[in-house]
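Me: I am new to this structure and would like to learn how to read its features. Could you take me through a few of them?

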Amino acid sequence: MTVAVHGVGTSHFGRQPGRTLTDLAWDAVREALADAGTEDVDAVWVGTVFGAPGVAQRVLHALGITDVPVVTVENACASGTTAFLEAHESVRTGRYRRVLALGLEQMSTAFDGAITPEPTDAEGLSGLAMPALYAMAAHRYLETGAATLEQLAAVSVKNHAVAEHNDRAQYAGRYTVEQVLASRMIADPLTLLQCCPTSDGAAAAVLAPADGSPDEVLVRGLGFRSGSLWDHRSAHVWGYDLVAATAADAFAQAGTGPDDVDVFEVHDAFTVGEVATTEALGIVPPGDGGAAAAAGVTAVGGARPVNPSGGLLSRGHPLGATGLAQVAEVVWQLRGRAGGRQVEGARTGLVETMGGGVSGIDGNGCVVAVLAR
Amino acid sequence: MTAPTTGPGTDPRPQVVGTDDGPAVAGVRCTACGHPSAFPRPRCPACRGPVVPALFGPTGRVWSSTVVRIPVPGRTPPYALAYVDLDDGPRVLAGAEGDAALAMDTPVRLLPADPAGDVRVAVVR
């Protein structure tokens with residue numbers, strides 16, 4: 001059975017401590033259900049990381065969604081796309097007919113700044129905040145000559161600029177490479193404008209069997225893995241091999257490859273994340289990710305557009321909501337309704353989300369989804 | 001069913017011990033595939049084979065490094081961190097002195113066990 005996305009929706013993304021998770025979820029769910037032309041779903045998968053126990057049912061019953069199975073999944077930054085993947089599988093296997101996938105997170109009321117490292121984790125207790133993990137990937141890229149500081153910064157310039165066309169994004173702006181590099185140092189060599197912000201938001205998708213309706217977007221392939229051991233044998237930076245392996249699964253299922261994809265939404269929690277991911281996904285050759293960003297190859301209007309939404313760097317990164325916001329962006333792109341950030345003629349899109357926080361492995365989880373009209 | 005009893009209490013970080021050859025990380029090595037682990041794993045995380053206690057260090061090289069400049073609970077920024085590949089041993093996350101990231105392949109040496117429980121290294125001059 002081919003499964004389709006029939007509706008998507010999101011809240012605004014940004015610091016919204018004065019709004020409740022129910023408010024944020026309502027924005028996303030109302031839009032997704034209206035987009036799908038339905039009021040009824042047969043089950044709900046919810047992705048969240050820091051939500052309180054029962055957060056899914058607490059939010060859903062307030063929206064009048066009761067008396068159906070509700071499952072909450074936590075998979076770090078890939079929680080939303082994990083909910084999407086499980087919603088897809090439950091439709092594909094015939095377990096449920098119409099399923100809502102919902103991602104939600106309120107970070108601004110939980111953290112003053114970066115996510116607090118997990119004290120039960122070896123590297124978390126050793127002071128490895130997430131920016132530091134990515135910073136060491138960036139340092140490795142610089143030291144091996146695989147990218148330059150200016151190329152890393154170019155990712156931030158690109159994603160903040162395109163976000164001017166996304167009124168749901170937390171940040172947007174016309175920065176120069178020099179301004180990005182001159183912003184406050186977070187973890188060497190990553191500066192503030194190279195790090196995703198603290199965000200609150202929700203995003204949702206309605207999935208059901210494909211029925212030929214004009215706005216539906218088909219799910220062509222999915223990949224889903226947790227990381228292998230990441231240790232002294234690993235030549236690549238953290239997460240690279242996990243993304244590559246997960247993408248290979250998704251491409252095999254879709255019967256396509258990266259060259260068949262017109263638009264990508266990938267996990268750019270930090271600039272180096274987008275650089276490494278464009279290489280791991282096979283969008284550009286290994287070592288070309290930074291140069292491709294600097295040359296505009298991965299910009300909207302370039303040959304291989306990556307993160308037309310502005311990415312996590314600009315749209316924001318409420319962990320559980322991010323994956324479904326990526327799905328929503330690709331759906332809008334494939335329908336040709338992305339406004340000033342539209343990738344012209346996009347027929348096939350890819351979503352990649354990558355979550356971490358457990359040391360010793362290449363990532364807690366990665367999901368890659370290939371969507372098409 | 002018995003829980004693993006090899007763990008050093010509840011601290012999840014690698015444990016540094018003193019030896020005649022200097023400080024060492026007390027971990028395990030697989031007797032089947034030789035894989036080194038910086039932790040008292042109950043079996044080999046690479047091949048699931050049996051493991052025996054093993055000591056790693058004191059020397060190694062920097063795989064990558066950074067300086068954290070944001071507040072982290074219990075720590076005072078800035079502080080340097082490095083992934084260090086111990087010679088013939090595992091990769092460990094270690095604290096380093098100074099406020100500059102260490103260059104790739106910099107030779108380093110484990111420092112004696114830190115009262116705060118971190119693995120720490122110093123550059124070999």
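Reply: What follows is a short talk about a helix pair and a strand. This is a predicted model, in which local features need pLDDT of at least 70, side-chain atom pairs count only at pLDDT 80 or more, and totals for chains, interfaces and linings use all residues. Residues are numbered from 1 along each chain as its sequence is written, chains are lettered from A and ligands numbered from 1 in the order in which they are written, and side-chain values use heavy atoms, with hydrogens and water left out.

Me: At what angle do helix H5 and helix H9 of chain A pack?

Reply: Two packed helices are described by the angle between their axes and the distance between the axes. Here H5 (residues 130-143) and H9 (residues 271-280) of chain A pack at about 65°, with axes 9 Å apart; axes are lines fitted to C-alpha atoms, for helices over the stretch in contact, and angles run from 0 to 180 degrees between N-to-C directions. Helices (H or I, at least four residues) and strands (E, at least two) are DSSP runs, numbered from the N terminus.

Me: Which residues of H5(A) meet H9(A)?

Reply: Contact means heavy atoms within 4.5 Å, and on the H5(A) side A:Tyr134, A:Ala137, A:Ala138 and A:Tyr141 take part.

Me: Why is strand E7 of chain A largely enclosed?

Reply: Nine of the 10 residues of E7(A), residues 200-209, are buried, so the rest of the structure largely encloses this strand; buried means under 20% relative accessible area (1.4 Å probe, protein chains only). Strand E1 (residues 3-10) of chain A runs antiparallel to E7(A), joined by seven bridges, and strand E4 (residues 99-106) of chain A is also antiparallel to E7(A), with eight bridges. A:Ala205 in E7(A) stands opposite A:Val8 and is the bridge partner of A:Ala101.

Terms used:
Buried means under 20% relative accessible area, exposed over 50%, partly exposed in between (1.4 Å probe, protein chains only). Two strands pair if DSSP finds at least two bridges between them.
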